[in-house]
Amino acid sequence: MESLLVTGGCGFIGSNFIRFLFHEAGFRGRVVNLDKLTYAGNPENLADVARDFPDRYVFVRADICDRATVAAALARFAVDTICHFAAESHVDRSIVAPDAFIRTNVEGTFVLLEAARERASGLRRFHHVSTDEVYGSLGPEGFFTEESPYRPNSPYAASKAASDHLVRAYHRTYGLPVTVSNCSNNYGPFQFPEKLIPLMILHAAAGKPLPVYGRGLNVRDWLHVEDHCRAIWLILERGRTGEVYNVGGRCERTNLETVERICDLLDEMRPDGRLAPRRRLIRFVTDRPGHDLRYAIDCGKIERELGWAPRESFDSGLRKTIAWYLEHRAWVERVQSGEYRRWMERHYGV
Ligand code: NAD
Ligand code: DAU
């Protein structure tokens, strides 16, 4: 692996993955980060990498739907591996305005696969980063395995499911050397504060209402983003071509449990007599349409085949994440300007 194209590297998981490559993975090659810089993409997430590794880190601002530019980047940088993160990723936005999800997640993945097919002889791996949401919703029992049927329930999940099917088809039909990972909910530094954990941290820190959908009984399986990055790296290095790997945190919590824990940790880490106990800020609001009840991943396959297991406990990971958001006020303020403000006004009326 000498020249790795990362799509969507300025987003939450992509930027953590690129930092992981340079600092943890022992990767010695070049990273080409191709990102359109939508509202969720922020080059500041990788300012340290761009500064410290100018010879081995390249940023290309481009849309994955732009076939000529994607093909030119693959050729110019002699890309031998692709790791595909770029997507529209927020379920609530997909309910309000699905168009961009179909375009980027379905059409964009198709364009990338076509460009990869043209380069087939020079390509050792196309890794597609996907989600457990493609499997739909679980009841109180059971887990998603790699064999679970696809039953996506939101436009986001349906667009990711379509992209997974295209990736599979390009392997079966054209022999493209693909792998796919379907992962549960990530949390950690640099996550855009429209998602549950950073939203609740920032609202609870500021004494703002905490909007919990429905009764807060939906369950998510939380995975620290560094554990996800290590899983992807192992799949790229040693995963079997044509295989799917489920990645999860073995860490199920109801949303209410998660939000209450964030409140308690903030009361401890940022005591404020006027706000404590911050649990008082919780508000039950109108539920998300089609809201999946429970996600839970059986990650036995990647554990057995690649020796991966999550390392971060939810409590320590949550503490570190809260500390990160409290210490990076300038990043938060810049991210919260502009489009973020408009989304908050439209979606929550605040
Ligand atoms: P994100 O929204 O934080 O970042 C997405 C990135 O993709 C941004 O940098 C954005 O600018 C870029 N992008 C969007 N459209 C693009 C386009 N047309 N061309 C080029 N770049 C474009 O997303 P994330 O949370 O980091 O998720 C990354 C991937 O992981 C996604 O494919 C998502 O479906 C998947 N995933 C996320 C989670 C999670 O909990 N966040 C869990 C499982 C899987
Ligand atoms: O499971 C993996 C998926 O996890 C990824 O594929 C998605 O890209 C990622 O966004 C995430 O999807 P969710 O819909 O699970 O994440 P979100 O942070 O939006 O919501 C988590 C849970 O919290 C969900 O049950 C809805 C609830 N929620 C969310 C928000 C933003 C609230 O109760 N209130 C809120 O304000």
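Reader: What are the ground rules?
Author: This is a predicted model, where local features need pLDDT of at least 70, side-chain atom pairs count only at pLDDT 80 or more, and totals for chains, interfaces and linings use all residues. Residues are numbered from 1 along each chain as its sequence is written, chains are lettered from A and ligands numbered from 1 in the order in which they are written, and side-chain values use heavy atoms, with hydrogens and water left out.

Reader: Which residues come nearest to ligand 2?

Author: Asp132, Tyr156, Arg288, His291 and Tyr348, out of 25 residues around ligand 2; being near takes a heavy atom within 4 Å.

Reader: What lies 2.8 Å from an oxygen atom of ligand 2 in Tyr213?

Author: A polar backbone atom of Tyr213.

Reader: Switching topic, how do H3 and H5 cross?

Author: The axes of helix H3 (residues 67-76) and helix H5 (residues 99-118) come within 9 Å and cross at roughly 40°. H3 is therefore oblique to H5; angles under 35 degrees count as roughly parallel, over 145 as roughly antiparallel, 65 to 115 as roughly perpendicular and the rest as oblique. Axes are lines fitted to C-alpha atoms over the stretch in contact, with angles from 0 to 180 degrees between N-to-C directions. Helices are DSSP runs (H or I) of at least four residues, numbered from the N terminus.

Conventions: Polar contact = N/O pair within 3.5 Å; in protein donor to acceptor, adjacent residues only side chain to side chain. Helix = DSSP H or I, 4+ residues; strand = E, 2+ residues; numbered from the N terminus.
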